[in-house]
2 protein chains.
Amino acid sequence: MPFADRLNNVETSAIRELFKLLGKPGIISFAGGFPDSAMFDVDGIREAVNAALTEEAGGALQYGATEGYNPLREQLAAFMTAKGNQGVAPDNLIVTTGSQQALDLLGKTLVSPGDKVIVEGPTFLATIQCFRLYGAQLVTAPVDGQGVQTDRLEQLIVEHKPKFIYLIPTFGNPSGAMLSLERRKKVLELAVQHNVLVVEDDPYGDLYFGDAPPPSLLALSSQVPGSRERLVHCGSLSKVLSPGLRVGWMVGTADLLAKATMCKQFSDAHTSTFAQATAAQYLKAGRMPGTLAKVRAVYAERAATMGDALRRELGEAIEFVQPQGGLFVWARLTGAGGKLADGGELAKRAIDKGVAFVPGAPFYASQPDHTTLRLSFATVGLDKIEEGVGRLATAL
Amino acid sequence: MPFADRLNNVETSAIRELFKLLGKPGIISFAGGFPDSAMFDVDGIREAVNAALTEEAGGALQYGATEGYNPLREQLAAFMTAKGNQGVAPDNLIVTTGSQQALDLLGKTLVSPGDKVIVEGPTFLATIQCFRLYGAQLVTAPVDGQGVQTDRLEQLIVEHKPKFIYLIPTFGNPSGAMLSLERRKKVLELAVQHNVLVVEDDPYGDLYFGDAPPPSLLALSSQVPGSRERLVHCGSLSKVLSPGLRVGWMVGTADLLAKATMCKQFSDAHTSTFAQATAAQYLKAGRMPGTLAKVRAVYAERAATMGDALRRELGEAIEFVQPQGGLFVWARLTGAGGKLADGGELAKRAIDKGVAFVPGAPFYASQPDHTTLRLSFATVGLDKIEEGVGRLATAL
């Protein structure tokens, strides 16, 4: 069967191949990119869905507005405002089927074949493929422990005149990095100076371990005149409540949201009102702060345990910035002491020793750093983290 | 903001503009394209979601496979088999976020800009726009009371060599027509003879009023060697259980499903597992036959009432085939007795008289028939149907 030309721009993920090996008995997996199912507030969600079916069965089960279910848009606007994002009204956001769909709608709405898009190196794997399906040519801006390097970003903007810039400024997947306050302001200034759209993807910002991270680009945009009109902010309940609901949202200008809504109408008509009404009831019930406090505490302890174990067991053979939030340790193999310095090769050996992680190279749209790896601490208990890192040391 | 070129291929729907007028107090609306909320089996869905959260909370709330939640794929395969579609295994289908997403994935997977796609005239409005967003050039095959005219279809296949043919063979939106058994076989033969893919969209096939319709193209494909490999079948729970779940599915060949799954990964990762697990529990509980019997009986009575009222009140000024299933009466204004023969003009006058319907012209990808209109009887009680048709006669 002849498929569409756009499929030539994407490939089956190397990571998917790796995931097929994860069924091996006894394996300890740091490979996931998902929250721990044991953290889900099942009772709270059960109460929420039952309230939705009692109070608003028609709305929860019928077709709904493509922009989103209004009670949920109201709750999400309040949730955003409570986090310091001033001036987010229900009309300023649309609900998406997970934040993955926000990326898809941005591609569909904005990208013509050949358009340039700047992404971080490394960045979220499904972003790379999503934008490429719409014909985007991706340009990679380097990331360090403080997030994207804004001086290099500015050069790339001037050189490539991108359609937009896609960033995960806070505890990004896979880098785990937190963009500094200074660089956040610089990004907004660049958006205005060069009249370029910035997309802030923020699924992890609520998962901080100590102090809260710097304000989001959206929150800071009030301090940089003209930047709000050049900013899109994508949020998600997937990492903090439940990925299974597939509830994300996108804040943007009225004209962009109107076009994205038109595209969404032909993508899936609307996001499940059943899930939206449940999420709205959950937020309305006021359980989110307690849920967030719980997941932050658990992930913080796991992150600390993994960091300590990596430093102790792998020593100079590995380099990483201790994560201050999110789900991931992003590390680099140094080759010190003649040890292996290839993440892909280590991943294969690690599977043999009973531990899995994701090599870092596929997370680069171009110029992959093969020494990198991504380790998720989110779904593994403390004992197993110790044991898994021990196996990793053996594999190395 | 400069949007993607593909947006030039679509326009804001005339129907959306009309829908803004529906908020007028006291209006009787035949304009909807949705099932009656009063038909929803709220108790059954409540039991299903509670069972899902009790028995499989992890699966219902966590990320899931892009292909679909396996317990649901198993239930859907059994549901299809029970309807006479032999040889549909769970692996032969993927779950989509409503059948709208199946259309989107077909566009994304198959259509390169400039590719021809044959659709019925009239056809589902969101199909037209969905395929055009991927650059499809639509070719219109005419429909009569027996469905698509297969002799004309064959000429168009030869002339245009389409990427695929999109049909709603059973009680289609908006035509309500039922493709005859003879023509169904002919469509499958054409698929094989001309080596062209046929997409059967079947959201309404279960909503028959008297005898069951002829077997689906999928069911008949076993009688036409080679046709199964050139057939895609899209199903949906939206019209029979709840649109709010956004649960549809697509049956197709392994290679097509693999590519569509890859595309879906970057569209929304997967369909809500919360909704999928609920749907799976609902089907498992065995409530669907009872639900179907109930909605069939209610819609049958409403369809009969509307047909009788239209014949009585509008007489020779209107022509239509009495629907044998689905949600719609598709009619043509004859102009008899010097009466109005323009559906768009009548829609405006009708709003003034307190009744709404959708003019038929926008449902044509090309060469619209302006005398046509679509009337839905699904969401209106018997008294209001009588009253609404009376108002329509006054408007005419």
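**Exercise 1. Determine whether B:Gly360 is buried or exposed in this predicted model, and describe its surroundings.**

*Solution.* Begin with the accessible area: the relative value for B:Gly360 is 0%. The cut-off for a buried residue is under 20%, so B:Gly360 counts as buried.

B:Gly360 belongs to the loop that joins β13 (358–359) to β14 (372–376) in chain B.

Then list its contacts, setting aside neighbours within four places in sequence. The partners of B:Gly360 are B:Trp330, B:Asp369, B:Thr372 and B:Leu373.

Finally, consider a residue elsewhere in the chain. Between B:Gly360 and B:Gln193 there are 33 Å in space, C-alpha to C-alpha, and the two are 167 residues apart in sequence.

**Exercise 2. State which strand of chain A holds A:Thr140, and which residues A:Thr140 touches.**

*Solution.* The strand is β4, made up of residues 137–144 of chain A. With a relative accessible area of 15%, A:Thr140 is buried, since the limit is under 20%.

Leaving out residues up to four places away in sequence, A:Thr140 touches A:Val119, A:Glu120, A:Gly121, A:Leu156, A:Ala365 and A:Ser366. A further pair to examine is A:Thr140 and A:Thr123: their C-alpha atoms are 8.9 Å apart, with a sequence separation of 17 residues.

**Exercise 3. Describe the overall build of chain A from its secondary structure, its radius of gyration and its contacts.**

*Solution.* Chain A contains 14 helices and 14 strands. The C-alpha trace spans about 60 × 50 × 50 Å along the principal axes.

Burial comes next: 64% of the 396 residues count as buried. As for contacts between residues at least 6 apart in sequence, 74% join residues at least 24 apart.

Chain A has an accessible surface of about 13,500 Å², and carbon and sulfur atoms account for 50% of it. The chain carries 38 positive and 41 negative charges, whose mean positions are 3 Å apart.

Technical notes: Residues numbered from 1 in each chain as written. Chains lettered and ligands numbered in written order. Predicted model: local features only at pLDDT ≥ 70, side-chain atom pairs only at ≥ 80, totals over all residues. Heavy atoms only, no water. Helix = DSSP H or I, 4+ residues; strand = E, 2+ residues; numbered from the N terminus. Rg over C-alpha atoms; globule rule 2.2 N^0.38 Å. Buried < 20%, exposed > 50% of the residue type's maximum accessible area, 1.4 Å probe, protein only. Contact = heavy atoms within 4.5 Å. Areas by Shrake-Rupley, 256 points an atom, 1.4 Å probe, with all protein chains shown as cover. Lys, Arg positive; Asp, Glu negative; His and termini not counted. Charge placed at Lys NZ, Arg CZ, Asp CG, Glu CD.
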